[in-house]
Amino acid sequence: DLPWRPGVSTFGHVTAEQRAAYDELAARLPSDAVVGAGLGAGAVAHYTGHQTLRPAAWSAEEWARVAQALGQQGRPIYLLDDGEEMAAWMAEQGVAGAGRGLLGLFDLPRFGLGGEPLGGTAACFRLED
């Protein structure tokens, strides 16, 4: 009965509500979007069908090259604040703030730096050119 239990804290488990939120995210993203995320990047790729990346793990130069290449291809970049890793990186980059580029809030799993589950909703932002 694991899929029907509330509050399961096994990494990779999603509730029916979270699964529906992935569907909502997929529907709201442009078909050619690339999504930057933290520990949830694999689930985003799996459930939405979008390519993902983990920008917080890269140097500033690596991130700049990837963002430039995607921009040259006309691929929009979205950033999903799915926990402490992305929140810290986005704050450092000055990406999110005052709803700038906000696609929406989604009931997706959020993670601490150690992989522990966090509460709250995941905000998804469009990275403006």
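1. The largest nonpolar core has 17 residues, and those touching the most other members are Leu 25, Leu 29, Leu 80, Leu 103, Leu 108 and Cys 124. A nonpolar core here is a set of buried Ala, Val, Leu, Ile, Met, Phe, Trp, Tyr and Cys residues joined through side-chain atoms within 4.5 Å; buried means under 20% relative accessible area (1.4 Å probe, protein chains only). Two or more residues each come from helix 1 (16-28), helix 2 (41-48), strand 3 (77-81), strand 4 (102-106) and strand 7 (122-126). Helix 1 gives the most, three residues. Helices (H or I, at least four residues) and strands (E, at least two) are DSSP runs numbered from the N terminus.

2. The model is predicted: local features need pLDDT of at least 70, side-chain atom pairs count only at pLDDT 80 or more, and totals for chains, interfaces and linings use all residues. Residues are numbered from 1 along each chain as its sequence is written, and side-chain values use heavy atoms, with hydrogens and water left out.

3. A second, separate core of 12 residues includes Val 34, Leu 53, Trp 63 and Met 90.

4. Five strands form an open sheet with mixed pairing and the order 2-1-3-7-4; strands pair if DSSP finds at least two bridges between them. Strand 2 (51-53) and strand 4 are the edges, each pairing on one side only. Strand 1 (residues 34-36) runs parallel to strand 2, joined by three bridges, and Val 35 has Thr 52 as its bridge partner in strand 2.

5. Helix 2 packs on the sheet and touches strand 1, strand 2 and strand 3, where contact means heavy atoms within 4.5 Å.

Technical notes:
Buried means under 20% relative accessible area, exposed over 50%, partly exposed in between (1.4 Å probe, protein chains only). Axes are lines fitted to C-alpha atoms, for helices over the stretch in contact, and angles run from 0 to 180 degrees between N-to-C directions.
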